[in-house]
Amino acid sequence: MVTTLTADRLAELQDGDEEFALVDTRPEDSYDSWHVPGALHFPFGPDEELDGRLEEFEELVGDTERVITICAKGLSSGNLATQLESATDAYAVETVDGGMKGWSGVYDTVEIEGTGDARIVQIQRRAKGCLGYVVGCGETGEAVVVDPTADTDEFTVAAEEAGLSVVGVIDTHVHADHVSGGRQLADELEVPYYLSERATERDVEFEYDALERNEVLAVGERELKAIASPGHTSEMINVLVDDRALLTADTLHVDSTGRTELEFSEDEGEEGARMLYETLHRTILAEPEGIVVLPGHVTVTADGEFAHGAPGEEISTTIREARTGIDALELDEEAFVDRLADAGEKPANFEEIIERNRGALELAPEDRVELEMGPNNCSA
């Protein structure tokens, strides 16, 4: 019987020194758009026979003694693993339980440095590049969670391990690339759920506490200021923590800006880009240069790698580094608008995800990860 391993265990193996060949059996287009780092491609169907393809497989994996298979949900990869075990004793064969669906739920956490008396834990979703935060006060132990995914346990555990107690949850905007866990987490913990006061203009259909422009939320002895930052979405806020760190969500990433056309129609796309340009140059880049910038995403390449840094490492920049290191910020307004007019492939199923995050679409838990499968594509 084929041995299975969890996606978390696969992540541990990748971070370690053990040698193995990871073989992805999904169709070519699925593999090309999004796969685990280092995965080799061997397309293989759930009912396919290995007869006549063993030599091809051996050439692909080389002289490795350990083979791990993966697919979307574990069906075709399990079929390949079973047939390999029967056809040859050259490999120790395992398959990833839940496949890429399981991989989508792998998380890493890291405590951010350089933020003064605030304690900030960054929760990284490895496959998607989603970055959420626990922002706390070391003196009182109170904290808020910012931009949690629907894997809410990851955020409660991160808070507990940091010795913090969650007293509120903030979503910076109506997300388009992943299902938010903000409302769910607030309900579970019976704490307030915050959105921008402008979320009413997005037709959000559930109750929330509205954060007004420049409103300061006290979390213990820490101060979190809601900075109106329209562009990626019309109701976007960034969160300034003690004038030391700025949670920029999808306004500003480490190496790029957010895209602007996921909320706005094709005819309104220019309006969103001009909003973002003004937000970046009149609000974000006007902050002191030493402020730590903590984005809501890091780009995950088609090869499954973080485009900046690595899982388990702090993903951050500063106002100074962003101003001098991101070429889009050097453009004048017209060139910036032109650049954002072609922001690249949109996130998978983004319209349905927006509807769910507005409260207009009910979504069964088992359908959630399926809806999110694929890269985040929130950068321009």
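This is a predicted model: local features need pLDDT of at least 70, side-chain atom pairs count only at pLDDT 80 or more; totals for chains, interfaces and linings use all residues.

Reader: How many bridges join strand β9 to strand β10, and how do the two strands run?

Author: Five bridges join β9, residues 142-146, to β10, residues 165-170, and the two strands run parallel. Within this pairing, Ala-143 has Val-166 of β10 as its bridge partner.

Reader: Which unit do β9, helix α6 and β10 make?

Author: Together with α6, residues 153-161, the strands β9 and β10 make a β-α-β unit that is right-handed. Strand β10 is also joined to β11 by two bridges, again in a parallel run. There, Val-169 stands opposite Tyr-193 of β11.

Reader: Where is Glu-190 placed, and is Glu-190 buried or exposed?

Author: Glu-190 lies in the loop between α7 (182-189) and β11 (193-196). Glu-190 counts as exposed because its relative accessibility is 75%, which is over the 50% cut-off. Although Glu-190 is not a glycine, its phi is positive, at about 55 degrees.

Reader: What is the phi of Asn-214?

Author: Asn-214, likewise not a glycine, has a positive phi of about 65 degrees. Asn-214 is found in the loop between β12 (209-211) and β13 (216-219). With a relative accessible area of 39%, Asn-214 is partly exposed.

Reader: How many disulfides does a search of the whole structure find?

Author: A disulfide is a covalent bond between the sulfur atoms of two cysteines. The search of the whole structure finds zero disulfides. As for individual cysteines, Cys-71 counts as buried at 4% relative accessibility, and Cys-137 is buried at 0%.

Note on methods
Residues are numbered from 1 along each chain as its sequence is written. Side-chain values use heavy atoms; hydrogens and water are left out. A disulfide is a pair of cysteine sulfur atoms within 2.5 Å. Buried means under 20% relative accessible area, exposed over 50%, partly exposed in between (1.4 Å probe, protein chains only). Helices (H or I, at least four residues) and strands (E, at least two) are DSSP runs, numbered from the N terminus. Two strands pair if DSSP finds at least two bridges between them. A crossover is right-handed if, with the strands pointing away from the viewer, the path from the first strand over the helix to the second runs clockwise.
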